[in-house]
Amino acid sequence: MKFLVINGPNINMLGIREKGIYGKESYEELCGFITRVCLENGIEVELFQSNHEGAIVDAIQAAYGRADGIVINPAAYTHTSVAILDALKAVSIPAAEVHLSNIHEREEFRRHSFVSPACIASFIGLGFEGYRQAILKLKEHIEKNQ
Ligand code: DQA
């Protein structure tokens, strides 16, 4: 089983940006955490981070026929991007959404997610743990539907 894990804009600034909201751990530490979780669960993983909407769309399209599942934290594009929603729908690869912070308890504009309708589940406000839960949920979903 192969997963693509996508992180959107400013996630590469983890450990530097708004530590009170996103924590002290870096993007490299997040990558290590995700890699370990996947390894423990027999999942091959590809990690992708970009600050550019089109690059994220390209990465989703490139996963067609190559990835069994997509874990995505679209970051700020969550609240704006019909293009990322359409890309997830286009490839029809099971996807799970993750947000480190609780987007429902922050500014009003963060409450709506454009990508949720293309995801089997959303893990919100759990920090790194949200990625673990998303990976396990996707694995279970894929195995059930095989
Ligand atoms: C985020 C929440 C978004 O609202 C924000 O723009 C981010 C990160 C999160 O992981 O909590 O950059 O997706």
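This is a predicted model: local features need pLDDT of at least 70, side-chain atom pairs count only at pLDDT 80 or more; totals for chains, interfaces and linings use all residues.
1. The residues around the ligand are Arg 17, Tyr 22, Asn 73, Ala 75, Ala 76, His 79, His 99, Leu 100, Ser 101, Ile 103 and Arg 110. Asn 73 contributes a polar side-chain atom, which lies 2.8 Å from an oxygen atom of the ligand. The backbone is involved as well: an N or O atom of the Ala 76 backbone lies 3.2 Å from a ligand oxygen atom, and for a backbone N or O atom of Leu 100 the distance to an oxygen atom of the ligand is 2.8 Å.

2. Arg 17 and Tyr 22. Both residues belong to the set around the ligand. They also interact with one another, in that the charged end of Arg 17 sits over the ring of Tyr 22, at 4.0 Å from the ring centre.

3. Helix 3. This helix spans residues 53-62, and its buried residues are Ile 56, Val 57, Ala 59 and Ile 60. Viewed down the axis of helix 3, the buried residues fall within an arc of 160°, so they line one face of the helix. The cover over these buried residues includes strand 1 (2-7), strand 2 (44-49), strand 3 (69-73) and helix 4 (82-91).

4. Ser 50 occupies the loop between strand 2 and helix 3. Its relative accessibility is 6%, and it therefore counts as buried, the limit being under 20%. A polar atom of the Ser 50 side chain lies 3.0 Å from the backbone nitrogen of His 52. Apart from neighbours within four places in sequence, Ser 50 is in contact with Asn 7, Gly 8, Pro 9, Ala 55 and Ile 56. Ile 56 is also one of the buried residues of helix 3.

5. The aromatic pair. A search of the whole structure returns 1 aromatic pair. The partners are Phe 33 and Phe 128, in a tilted arrangement with 5.7 Å from centre to centre and 45° between the planes. Phe 33 lies in helix 2, whereas Phe 128 lies in the loop between strand 5 (121-124) and helix 5 (129-144), so the pair ties together parts that are 95 residues apart in sequence. Phe 33 is buried at 17% relative accessibility, and Phe 128 is buried with a relative accessible area of 11%.

6. Ser 113. This residue is placed in the loop between strand 4 (95-99) and strand 5. Ser 113 has 11% relative accessibility and counts as buried. Leaving out residues up to four places away in sequence, Ser 113 touches Thr 78 and Glu 97.

7. Asn 41. The loop between helix 2 (27-40) and strand 2 holds Asn 41. Asn 41 is partly exposed, its relative accessible area being 22%. Beyond its neighbours within four places in sequence, Asn 41 is in contact with Leu 136 and Lys 139. The separation of Asn 41 and Ala 96 is 55 residues in sequence and 17 Å in space, taken from C-alpha to C-alpha.

Methods: Residues are numbered from 1 along each chain as its sequence is written. Side-chain values use heavy atoms; hydrogens and water are left out. Buried means under 20% relative accessible area, exposed over 50%, partly exposed in between (1.4 Å probe, protein chains only). Helices (H or I, at least four residues) and strands (E, at least two) are DSSP runs, numbered from the N terminus. The arc is that of the directions from the helix axis to the C-beta atoms. Contact means heavy atoms within 4.5 Å. Rings of Phe, Tyr and Trp (its six-membered ring) pair if their centres lie within 6.5 Å; planes under 30 degrees apart count as stacked, over 60 as edge-to-face and the rest as tilted. A charge sits over a ring if NZ of Lys or CZ of Arg is within 6 Å of the ring centre and within 35 degrees of the ring normal. A residue is near a molecule or strand if one of its heavy atoms lies within 4 Å of it. A polar contact is a pair of N or O atoms within 3.5 Å; within protein, one must be able to donate a hydrogen and the other to accept it, and residues adjacent in sequence count only if both atoms are side-chain atoms.
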